[in-house]
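Hi everyone, thanks for coming.

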Amino acid sequence: MIKIGKYIEQFINWLTLNFGPFFKVVKSGVESMVDGVLWLFSFLPFYVVIALLAILAWRRAGWGVGIVTALGLSLIYAMGYWVPTMETLSLILVSAFIALLIGIPLGIWAARSKTAGKVMRPLMDFMQTMPAFVYLIPAVLFFGLGKVPGVFATIIFAMPPAVRLTTLGISQVPEDIVEATRSFGATPRQLLFKVELPLALPTILAGVNQTIMMSLSMVVISAMIAAGGLGEIVLKGITQLKIGLGFEGGIAVVILAIILDRITQSFGKRKQKEKR
């Protein structure tokens with residue numbers, strides 16, 4: 001019998017043993033980012049945060065979404081889950097930021113290089129189809145329990161949409177436009193930043209939306225490794241058989257998901273209208 005799990009375990013243990021200092025530095029940096037974002041949300045009064053997010057939703061997605069945002073966040077505060085919601089939002093923002101910071105350049109590389117595209121395609125398939133709970137195992141071994149392993153697992157789980165849709169967007173840029181740009185003497189850098197990325201931006205923004213939504217789903221699962229936030233509320237409801245508590249945590253997650261989805265979708269829709 002081929003015991004693949006044994007070799008994977010040995011590899012993970014080798015990484016943990018030989019790159020321990022590196023993982024400590026990464027943990028410290030990511031923890032500082034999460035704590036910084038959470039401090040900002042905690043420093044501002046809840047009504048200021050609600051007002052700012054409602055105004056953002058109104059300006060980007062319309063008055064209807066703005067009203068839903070204000071009412072939804074007010075309901076979360078009234079239920080007593082404001083602090084866990086801000087913890088979850090901080091984890092989402094940091095995880096999505098790092099996932100996009102890595103995923104978009106990888107998507108550009110895959111679009112510009114056929115070899116890179118062939119290598120990344122099965123890798124992205126693997127990352128998307130692997131059960132989300134599996135990512136928690138190496139995350140805990142590398143970083144211990146807490147927020148950082150939750151962020152690490154979320155980055156791996158949420159990165160594929162950013163890579164795939166960036167690659168798709170750049171690949172769909174009309175060839176005649178690319179050839180015309182090259183004929184005028186544009187450098188590869190000018191072609192990328194002035195032609196390909198602007199035309200691919202609506203598709204890339206769809207990838208941003210999907211990355212944020214997948215980050216939300218994974219952050220809830222990460223409560224199993226003490227990442228905190230709304231996921232911890234839902235997990236307590238399950239483990240302690242408290243139906244009301246679980247549903248309240250679930251309602252808060254749904255409200256946050258709707259707000260993030262509508263706001264991020266509005267950026268892509270506006271770019272599509274400008275493109276037309």
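Let me start with a term: by contact I mean heavy atoms within 4.5 Å. With that in hand, look at Ile92, which touches Ile212, Ser215, Leu216, Val219, Leu256 and Leu260, leaving aside residues up to four places away in sequence.

A quick word on the source: this is a predicted model, where local features need pLDDT of at least 70, side-chain atom pairs count only at pLDDT 80 or more, and totals for chains, interfaces and linings use all residues. Residues are numbered from 1 along each chain as its sequence is written, and side-chain values use heavy atoms, without hydrogens or water.

Now, the core. A nonpolar core is a set of buried (under 20% relative accessible area, 1.4 Å probe, protein chains only) Ala, Val, Leu, Ile, Met, Phe, Trp, Tyr and Cys residues joined through side-chain atoms within 4.5 Å. In the largest one, with 65 residues, Ile92 is among those that touch the most other members, along with Met86, Tyr135, Val151, Met218 and Leu256. The biggest contributor to this core is H5, with 11 residues; helices here are DSSP runs (H or I, at least four residues), numbered from the N terminus. There is also a second, separate core of six residues, including Ile108 and Ile170.

What classes of residue make up the lining of the largest pocket? Its residues are 30 nonpolar, one polar and one charged, with Ala, Val, Leu, Ile, Met, Phe, Trp, Tyr, Cys and Pro counted as nonpolar, Asp, Glu, Lys and Arg as charged, and the others, Gly among them, as polar.

Methods:
Buried means under 20% relative accessible area, exposed over 50%, partly exposed in between (1.4 Å probe, protein chains only). Helices (H or I, at least four residues) and strands (E, at least two) are DSSP runs, numbered from the N terminus.
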